[in-house]
Amino acid sequence: MTGMRPLVLVLSASLAAAAPAAAQTRRPAAGAARVYAATLPVEKMRNKQAVVTTGLGDIVIELLPDAAPDHVGYLMKLAEERAYDGTTFHRAILRGLIQGGDPLSKDPAKKAQYGTGGLGVLKFRANDLKHVRGAVSAVLRPGQPDSAGAQFFVCVSDQPTLDGQFTVFGRVVEGLEIAQQISEMPADATGLITDRVEIATVRIRDTPPPEPTPFETETAAQLAGYRAVLETTMGEITVELFPDRAPGHVRNFLRLSKAGVYDGTAFHRVVPGFVVQTGALTSRKAPLTQKQRPFVVNLQPEFNPTPHEAGILSMARGDDPASAQTSFFICLGKASSLDNKYTVFGRVVDGMPVVEALAKVPLNGEEPVTRVEITRVRIVPPAP
């Protein structure tokens, strides 16, 4: 997608689908244009979110009334009136943007007119906000800057050529992966999505307080009481953790596990007699969600004298000692060449037969012929 041109094509196609006479009748007469102005003061609209519920999941939009008070006020008004209920995300540009909110999209029989409804209510509002990934902006009729209304679009990727031409009034803070999934759905040459992606409801809520970072305040002694159970397609592997030796790695492993980052990752590398390796994001079935991404960070090395031997968990890394992120390995035997070069952070305490069975699966090079994966990492808290 290359900015302005694709978006104009989306809107132009929808207008062309309706007969010119019909299009004229839908527009207010000259001098009678409806112009909406927010009825709530900006301070009453701050710290609000719009939760857009679809059949694929929720998209949560942080509203930005200081940048576009009338646009935010109008969306809040329509949400309160349940005007978005039953509308659809009707158009998409592959990994570029998705468009929705047209009141005409409630009626499947009016599919040819999707994109023409609910416009001509808001005056253009210039602001400095950019059309970056996650930006939510107002749809316009081509060539008519003061024509925004109920419809909006979500940027699935950065669209810098739209800056200054459309009014950004929100940003997606959760569910951007849902928006991307919608953008990848089959669509016709005009971008009209083949299947119906219905918006069940849009509700306004107060912005919740930031969630505390998990496993941030526990002491090393407290962290040592946790166990992690790797639920795999070949059985369960239970590990103990070594926060006294690698506190940063243990905290991060627990966070990644709780956030579900390891769910759906594969044992992508098996070297009999040496290691089985898993947790690489490249082996993950689904992309990370917006909430999971912040937990993936480069870890500072915490090399310690614990020897690499059968059952030991240690972090994989690249050439840079500070390049470990998510991937880890379980040793199948003594591996002295790894000592003090990779960070040991745990040990298998139950399920070693599963690890040994994993080491015997048929391989194509170092990759198992049949996928073996972690379905979930279950965290078991210390006993009371």
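The model is predicted: local features need pLDDT of at least 70, side-chain atom pairs count only at pLDDT 80 or more, and totals for chains, interfaces and linings use all residues. Residues are numbered from 1 along each chain as its sequence is written, and side-chain values use heavy atoms, with hydrogens and water left out. Helices (H or I, at least four residues) and strands (E, at least two) are DSSP runs, numbered from the N terminus.

**The barrel**

- A barrel is closed by 8 strands, in the order 9-10-15-13-14-12-11-18, with antiparallel pairing.
- From one strand to the next, the twist averages 35 degrees. Axes are lines fitted to C-alpha atoms, for helices over the stretch in contact, and angles run from 0 to 180 degrees between N-to-C directions.
- Strand 10 (residues 235-241) pairs with strand 15 (residues 344-350) over 4 bridges, in the antiparallel sense. Two strands pair if DSSP finds at least two bridges between them.
- Within strand 15, Arg347 is the residue opposite Glu240.
- Helix 7 packs on the sheet and touches strand 9 (227-232), strand 10, strand 13 (312-315), strand 14 (328-331), strand 15 and strand 18 (373-380). Contact means heavy atoms within 4.5 Å.
- The direction of helix 7 makes about 115 degrees with that of strand 18.

**Phe253, in helix 7**

- Phe253 sits in helix 7 (residues 247-258).
- Phe253 counts as buried because its relative accessibility is 1%. Buried means under 20% relative accessible area, exposed over 50%, partly exposed in between (1.4 Å probe, protein chains only).
- Beyond neighbours within four places in sequence, Phe253 contacts Ala228, Leu230, Leu241, Tyr262, Phe328, Phe345 and Val377.
- Phe253 and Glu211 are 42 residues apart in sequence; C-alpha to C-alpha, they are 18 Å apart in space.

**Gln49, in strand 1**

- Strand 1 (residues 48-54) holds Gln49.
- Gln49 has 4% relative accessibility, so it counts as buried.
- Contacts of Gln49 outside four places in sequence include Val60, Val173, Arg203 and Pro208.

**Ser183, in helix 5**

- Ser183 belongs to helix 5 (residues 176-183).
- Ser183 is buried, with a relative accessible area of 2%.
- A polar atom of the Ser183 side chain lies 2.7 Å from the backbone oxygen of Gln180.
- Not counting residues up to four places away in sequence, Ser183 touches residues including Ala92, Arg95, Ile98 and Val156.

Conventions: A polar contact is a pair of N or O atoms within 3.5 Å; within protein, one must be able to donate a hydrogen and the other to accept it, and residues adjacent in sequence count only if both atoms are side-chain atoms.
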